[in-house]
Amino acid sequence: MEIALDTLPEVPPLPSGFRFLAWNAEILKRHADVKFQSFRFEVDANVFPCLGDSEGCFRLMREISMRDGFIPAATWLIEHEDQATGNWRAVATVQGVRDREGNGSIQNLGVVPGFRGMGIGAILLLKALEGFKQQGMPRASLEVTSQNIGAIRLYERLGFRIASTVYKAVEMGAVQTTTQA
């Protein structure tokens, strides 16, 4: 899916109790942990097996951050404050890189279950797109699995349009059932 960056809406404020954390190499593991929590039980982990493995998410995050086209201004965490303890927990992540044509490319956008449906995914995506725009990129793109209807609706609501369709044969894991006597 693609979007032109010339007419982006302003990034709305996060809800109370949430904050942005800008990219720095010291929080790479936190990005990887959120990526794993966000994708491990999703179809994306079948399409990209590294997303279903904690170490795989760490390696992927490290590889993304070391690319020549890595864009720190389009790479963010969102944290949530636990009201009882005052501790902050990372609950959403996005990473951005420059593609071969000089446009922005979202690598992964993940929101931990339990924090979905609160609007933070949309805010996080707009924050990443703003980072691409600040770098002078005219367009941005992302890939989404066709079964991720919620994400597709979000992207379309924000102005993304389908640019191409890619088919990939994926062998889904066996469904395990148990019976009790």
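User: How are helix 1 and helix 3 placed relative to each other, parallel or oblique?

Analyst: This is a predicted model. In it, the axes of helix 1 and helix 3 (residues 54-66) come within 8 Å and cross at roughly 130 degrees. Angles over 145 degrees count as roughly antiparallel and those from 65 to 115 as roughly perpendicular, with the rest oblique. Helix 1 and helix 3 are therefore oblique.

User: Which residues of helix 3 make the contact with helix 1?

Analyst: Helix 1 passes helix 3 in a right-handed crossing. On the helix 1 side, the contact is made by Leu 28, Lys 29, His 31, Ala 32, Asp 33, Lys 35 and Phe 36. On the helix 3 side, the residues are Ser 54, Cys 57, Phe 58, Leu 60, Met 61, Arg 62, Ile 64 and Ser 65.

User: Is His 31 buried or exposed, and what is its relative accessible area?

Analyst: His 31 is found in helix 1. Beyond its neighbours within four places in sequence, His 31 is in contact with Trp 23, Met 61, Thr 75, Trp 76, Leu 77, Thr 93, Val 94 and Gln 95. Residues under 20% count as buried. His 31 is buried, with a relative accessible area of 0%.

User: How many salt bridges does the structure hold, and which residues are linked in a network of them?

Analyst: The structure holds five salt bridges. One of them joins the side chains of Arg 19 and Glu 79, and another joins those of Arg 30 and Glu 79. Glu 79 takes part in both of these pairs. The residues linked in a network are Arg 19, Arg 30 and Glu 79.

User: What is the N to O distance between Arg 30 and Glu 79, and where do the two residues lie?

Analyst: The side chains of Arg 30 and Glu 79 meet in a salt bridge at 2.1 Å, N to O. The pair links distant parts of the chain, 49 residues apart: Arg 30 is in helix 1 and Glu 79 in strand 3.

User: How many residues apart are Lys 29 and Asp 33?

Analyst: The side chains of Lys 29 and Asp 33 meet in a salt bridge (2.9 Å, N to O). Lys 29 counts as partly exposed at 47% relative accessibility, and Asp 33 counts as partly exposed at 27%. Both lie in helix 1 (residues 28-39), about one turn of the helix, and their separation is four residues.

User: How many of the residues of helix 4 are buried?

Analyst: Helix 4 (residues 120-134) has 15 residues and reaches 21 Å from its first C-alpha to its last, close to the 21 Å expected. Its buried residues include Ile 120, Leu 124, Lys 127 and Phe 132. Helix 4 is largely enclosed by the rest of the structure, because the buried count is 12 of the 15 residues.

User: What is the handedness of the crossing of helix 4 and helix 5?

Analyst: The axes of helix 4 and helix 5 (residues 149-158) come within 11 Å and cross at roughly 50 degrees. That makes helix 4 oblique to helix 5. Gly 121, Ala 122, Leu 125 and Leu 126 in helix 4 meet Leu 154, Tyr 155, Arg 157 and Leu 158 in helix 5. The crossing is right-handed.

User: Is Gln 134 buried or exposed, and what distance separates its C-alpha atom from that of Val 47?

Analyst: Gln 134 lies in helix 4. At a relative accessible area of 57%, Gln 134 is exposed. Gln 134 and Val 47 are 87 residues apart along the chain, and their C-alpha atoms are separated by 32 Å.

Methods. Residues are numbered from 1 along each chain as its sequence is written. This is a predicted model: local features need pLDDT of at least 70, side-chain atom pairs count only at pLDDT 80 or more; totals for chains, interfaces and linings use all residues. Side-chain values use heavy atoms; hydrogens and water are left out. A salt bridge is a side-chain nitrogen of Lys or Arg within 4 Å of a carboxyl oxygen of Asp or Glu. Buried means under 20% relative accessible area, exposed over 50%, partly exposed in between (1.4 Å probe, protein chains only). The expected span of a helix is 1.5 Å times one less than its number of residues. Axes are lines fitted to C-alpha atoms, for helices over the stretch in contact, and angles run from 0 to 180 degrees between N-to-C directions. Angles under 35 degrees count as roughly parallel, over 145 as roughly antiparallel, 65 to 115 as roughly perpendicular and the rest as oblique. A crossing is left-handed if the near helix is turned anticlockwise from the far one by less than a right angle, and right-handed if clockwise. Contact means heavy atoms within 4.5 Å.
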